[in-house]
Amino acid sequence: MSHKRIIMTEELSLEQALYKYSRDVLRQRRIKTAKYLIDISGVASDSIGDILIDDIIILEQYHPNSTLFLHNKRNTKDITYSDACFYANILSYKTDCPNVVWPLGTELRKIKYRYVHSGRKKDEKYTIHKLGEKNKVDKKEIGILKKKDPYKVFQSNFYKQQVESIINTRESRHGPNTYVIADEFNWDKRNNFDFTKEYGGIKSAISLYANALKQIDFQSEYLNYYRIIEYFSQSNGKKCLENNIERIYSFNAQKINIFHNDTLKEEPIDLFKYYKRIGIKRLDLLIKEKGSIQQVVKYLYNTNRCGIAHGKDILDTSIDEKYFNIFNDTILLKLISRILIDDNITST
C-alpha cells in the first residue's frame, strides 16, 4: 500500500484538496471517508504511513497535514467514538504525545455544554453612517448583529482549544520546537497492527496513561500514573510499588526520539533514556533520605498521592523546589506505569 499525497494549489485549499481526494480516490481504494480524525501533538507530519488496524481501519496521515484520518474499510461496521479514542490512546502511549479525537458535530450537540458567556443573547441594532460630500452624513442605515447560539459558539471553538491545550502541555515536557517521528507506524516497516488483541485487555490503563499526558500540572499527571498502579494492583498500590520500583534500574523502554527544529547535526534525545536517568537519580536520593524502599513507597503514597487527591495534609502547589520534586517523582511513576503496562500487553 503506497503512501498517498494530496496535491494543493493556490486555488485549492487543504479542505478542498481532502474532499477531492476522498471523492476521487477513496472509492477505488475500497475504503470509506474518514469518520473520525485524530490530532497527536508533536508527531511530525508525514511520519505515519498507511497502516491497517484490527483488519478494519486504515490509518493515514495525508501530506502535508499532521492530522490522522481513520478510514473504515468497505463492508465493515463503522467504528464508534470510543473506538477512535482507544486507537488514539495507543498512539499516544507509543509516542508519549497527547491526543485529541475530533467528535462528530452530532455528538457535540448532544452534550449541551456552553461557555459562561458566548456573546450576544439577542439581536442588536446599530447605525451605519455613510459620509457624502465634505464629510457630511449623507445616509444612515440600520444594521443587525445577530444573536449568538451558545452551543454553536462552543462547537466552533472547542476542538481548537483542545488542540492548543495539548500543544502547550507537550512542549512543557519535551520542549518548544521539538517533535517525534513515529517510525514504528511507517508502512515501510510494518503495516498491520492488531491493537485490540494487544491492548484490549488493558484499555483502562492505556486511557489513564493518555490522560496523564494531557495534564499541564505535574500533580495531576502524577495522580493518573498512580491510578495505573492501583488499576493493576486492585488495591492502594503500595505493595505493587514495593515489588516493582527497583525494576526501573534494568527497564529498557521503547525508544522514542525527541528532535529539535533548531539543530541540524546534533543527535536526537532518547526520551526514555533521559527519563530513566532522572528516575534512577530520584530513587537513589529517596532511598538515601528515607532509609528503605518501604519508606520510599510510604512517601509516594501518603505524602504525594494522598496529598494530591485528598483534603488532608494537602501537598503545596506553589511553583518552587518542592513542585519540581513532584516532577521527578512523576517521572519515577511514569516509568513504573510503563513497566506494568508492558508486562500486560498481549504479544501478537
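Two strands pair if DSSP finds at least two bridges between them. Helices (H or I, at least four residues) and strands (E, at least two) are DSSP runs, numbered from the N terminus. This is a predicted model, in which local features need pLDDT of at least 70, side-chain atom pairs count only at pLDDT 80 or more, and totals for chains, interfaces and linings use all residues. Residues are numbered from 1 along each chain as its sequence is written, and side-chain values use heavy atoms, with hydrogens and water left out.

**Sheet**
- Strand E10 (residues 257-260) runs antiparallel to E8, with 3 bridges joining them.
- Val180 stands opposite Ile258 in E10.
- The open sheet has 3 strands in the order E8-E10-E11, with antiparallel pairing.
- E8 (178-180) and E11 (269-270) are the edge strands, each with a single partner strand, so one side of each lacks a neighbour in the sheet.

**Helix pair**
- Helices H6 (residues 203-213) and H7 (residues 218-233) pack with their axes 8 Å apart, at an angle of about 170°; axes are lines fitted to C-alpha atoms over the stretch in contact, and angles run from 0 to 180 degrees between N-to-C directions.
- H6 and H7 are therefore roughly antiparallel (angles over 145 degrees).

**Nonpolar core**
- A nonpolar core is a set of buried (under 20% relative accessible area, 1.4 Å probe, protein chains only) Ala, Val, Leu, Ile, Met, Phe, Trp, Tyr and Cys residues joined through side-chain atoms within 4.5 Å.
- The largest has 73 residues, and Phe195 and Leu300 have the most contacts inside it.
- Helix H11 (residues 321-344) gives the most to this core, with 11 residues.

Notes. Parallel < 35°, antiparallel > 145°, perpendicular 65-115°, else oblique. Buried < 20%, exposed > 50% of the residue type's maximum accessible area, 1.4 Å probe, protein only.
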